[in-house]
Amino acid sequence: MTTSASVPTDSEGAISDDGTVTDRLVEANERYAAAFTDPGMDARPVLQVAVVACMDARLDLHDALGLELGDCHTIRNAGGVVTDDVIRSLTISQRALGTRSVVLIHHTGCGLESLTEDFRHELEMEVGQRPAWAVEAFRDVEQDVRQSMQRVRTSPFLLHTGDVRGFVFDVKTGLLREIDPT
């Protein structure tokens, strides 16, 4: 199985040939830009929805949700956790760019399920400075989705909290499973 059609790898999965991964990405962008035409869109998502999801490379949100360019705002971070920065992005998305719905997507087999807040302590010991952010690790993905839904629904900065739904994406089947908020 290859991880990317545009980045050749050797038999062990390492990047092969000369150049860095970033060099290859820049080359791919040059090919993309050569055929690019301005779609004439503005920054307002057509479907008026913001999707908050984990940064996991196994989640192809546009394909999984049947989305096209311009349909949604996509906000991703480790775990798809609703942090202060996610609230910041959602606030801008709603108040300045017209989104009305929020979809939260966590997934099975998330790396945050194997971390603890000890990760921060270990970083502090290594670099001599405690990170200002929380790891937001969790053991129960469904409960974490509920917590994320609650954080969105109770934020005083968000105008539209009536259509907030949370899901767990199964990385083995590709199916979403909706999580009851209660």
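Predicted model: local features only at pLDDT ≥ 70, side-chain atom pairs only at ≥ 80, totals over all residues.
A residue counts as buried when its relative accessible area is under 20%.

The cysteines were then examined for bonding. A disulfide is a covalent bond between the sulfur atoms of two cysteines. The structure holds zero disulfides. Cys54 takes part in none, and its nearest cysteine sulfur belongs to Cys110, 4.2 Å away. A disulfide requires the two sulfur atoms to lie within 2.5 Å. The Cys110 sulfur is therefore too far from that of Cys54 for a bond, at 4.2 Å.

Asp18, Asp23, Glu27 and Glu30 form a negative surface patch. Asp18 lies in the segment before helix H1, which spans residues 21-35. A relative accessible area over 50% defines an exposed residue. Asp18 reaches 67% relative accessibility and so counts as exposed.

Arg153 belongs to another helix, H5, which covers residues 141-153. The relative accessible area of Arg153 is 30%, so this residue is partly exposed. Its separation from Ala33 was computed in sequence and in space. Arg153 and Ala33 stand 120 residues apart in sequence. Their C-alpha atoms are 40 Å apart.

Notes:
Residues numbered from 1 in each chain as written. Heavy atoms only, no water. Patch = residues over 30% accessible without salt bridge, like charges linked within 9 Å, V, L, I, M, F, W, Y side chains within 5 Å. Areas by Shrake-Rupley, 256 points an atom, 1.4 Å probe, with all protein chains shown as cover. Salt bridge = Lys/Arg side-chain N within 4 Å of Asp/Glu carboxyl O. Lys, Arg positive; Asp, Glu negative; His and termini not counted. Charge placed at Lys NZ, Arg CZ, Asp CG, Glu CD. Helix = DSSP H or I, 4+ residues; strand = E, 2+ residues; numbered from the N terminus. Buried < 20%, exposed > 50% of the residue type's maximum accessible area, 1.4 Å probe, protein only.
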